[in-house]
Amino acid sequence: MNDEAVRGGDAIRGTAHGSAPVPLSVLDLVTVGSGRTATEAVSTSVALARLAERRGYHRHWVAEHHSMPGVASSSPAVILAHLAAHTERIRLGSGGVMLPNHAPLVIAEQFGTLEAMAPGRVDLGLGRAPGTDGATAAALRRTERLNEGADDFPQQLAELVRFLDDDFPDGHPYARIHAVPGPVQGPSGRPPVWLLGSSGFSARLAGALGLPFAFAHHFSARNTIPALDLYHDSFRPSAVLDAPYALIGVSALAAEDEREARRQVLTGALSMVRLRTGRPGLIPTPEEAEAYAFSPAEREFVDGWLSNVVHGTPDAVRAGLDDLQKRTGADELMITANAHGSEARLRSYDLIADAYGF
């Protein structure tokens with residue numbers, strides 16, 4: 001394996017701590033609860049990043065979403081710059097940036113800037129979904145041809161990588177354009193690129209390109225194993241990786257007792273009910289979620305949703321995460337704890353770290 005592959009691998013692969021079977025990481029949606037503000041949500045993200053760094057979580061990613069009142073992460077690069085200023089070691093990244101919403105040059109500039117701010121600890125995770133509804137995607141992209149953006153994703157990705165590496169060939173229309181900060185200013189590192197997905201498209205593309213892959217198990221559980229199998233079957237060694245590396249996002253929340261954990265995760269389930277029925281809002285309180293009169297169809301949805309949320313006491317969550325890793329063969333588990341209050345979310349990550357002894 002050449003030096004470039006070694007550097008790429010070190011930037012991608014984490015180290016498992018304590019009794020954890022694989023590295024554990026954090027997926028942060030910068031959620032805004034009922035009665036709370038976006039300012040409080042961002043402050044919670046800072047507290048979470050510091051906690052994750054202190055306790056030994058490998059990376060902290062934030063995800064691009066738009067026009068969702070309960071989420072404050074519409075601009076991952078801005079959030080990540082803030083987190084970089086308040087942390088020292090933990091890897092920070094996008095989980096992910098929705099590339100069809102942006103010009104590749106803009107993303108290369110943003111993440112080149114982040115790399116200059118936090119050298120050697122920035123990840124660039126890319127997805128091809130809009131991160132929102134069709135009308136909002138049209139407003140973002142200034143076009144009604146939304147499928148065109150997704151279909152062009154491989155070409156957009158190739159263009160972005162060219163900008164990151166500053167290596168368009170002579171004669172290319174962009175050969176004299178440089179993403180700055182970037183290589184044109186002198187030797188420097190650049191963020192490793194990850195592909196994200198909830199189906200087989202990005203799994204196959206990540207494998208063919210020899211890139212690390214992140215799968216959204218937390219909202220597409222039935223596709224997890226088929227997508228990971230496809231990634232492994234499609235994988236071709238590259239200058240980035242000599243072997244596949246896949247993480248999965250998983251919803252998990254630990255509390256001191258099972259009932260409290262159930263109360264907390266029900267808030268996220270009600271949020272998803274509202275989102276799926278065109279009524280997105282702030283994350284409800286546990287009291288609001290408990291008092292809500294779910295219809296039979298909504299109750300069926302909630303039961304199915306919660307069956308894929310690992311929740312309960314710390315020991316129960318540890319056992320659930322261990323089982324999930326064993327079943328999927330994931331190289332890393334990226335935990336998202338969706339709950340109304342910052343206290344419950346922060347406490348959950350602490351309890352999970354305690355359960356694994358790190």
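This is a chat about a few local features of a predicted model.

Biologist: Before we start, what are the ground rules here?
Modeller: It's a predicted model, where local features need pLDDT of at least 70 and side-chain atom pairs count only at pLDDT 80 or more, while totals for chains, interfaces and linings use all residues. Residues are numbered from 1 along each chain as its sequence is written, and side-chain values use heavy atoms, with hydrogens and water left out.

Biologist: OK, where does S73 sit?
Modeller: S73 is in the loop between β2 (59-62) and α3 (76-85). Helices (H or I, at least four residues) and strands (E, at least two) are DSSP runs, numbered from the N terminus.

Biologist: Is S73 buried or exposed?
Modeller: Buried, because its relative accessibility is 0%. The cut-offs are under 20% relative accessible area for buried, over 50% for exposed, and partly exposed in between, with a 1.4 Å probe and protein chains only.

Biologist: And what does S73 touch?
Modeller: Leaving out residues up to four places away in sequence, S73 touches L29, V30, A63, E64 and H65. Contact means heavy atoms within 4.5 Å.

Biologist: Which other non-glycine residue has a positive phi?
Modeller: D166, with phi near 55°. D166 is in the loop between α7 and β5, and D166 counts as partly exposed because its relative accessibility is 25%.

Biologist: What about cis peptide bonds?
Modeller: One joins V180 and P181, with omega about -5°. P181 is in the loop between α7 (153-165) and β5 (193-197). The bond from G95 to G96 is cis too, with omega near 5°, and G96 is in strand β3 (residues 91-98).

Biologist: Switching to α14, how many of its residues are buried?
Modeller: Twelve of its 15, so the helix is mostly covered. Among them are R345, Y349, D350 and Y356.

Biologist: What do those pack against?
Modeller: The buried residues of α14 pack against β1 (24-28), α2 (38-55), β7 (246-254), α10 (258-276), α13 (314-328) and β9 (332-336).

Biologist: How far apart are the end C-alpha atoms of α14?
Modeller: They're 22 Å apart, which agrees with the 21 Å that the 15 residues (342-356) should span at 1.5 Å a residue. The expected span is 1.5 Å times one less than the number of residues.

Biologist: And what follows α14?
Modeller: G357, with a positive phi near 75°.
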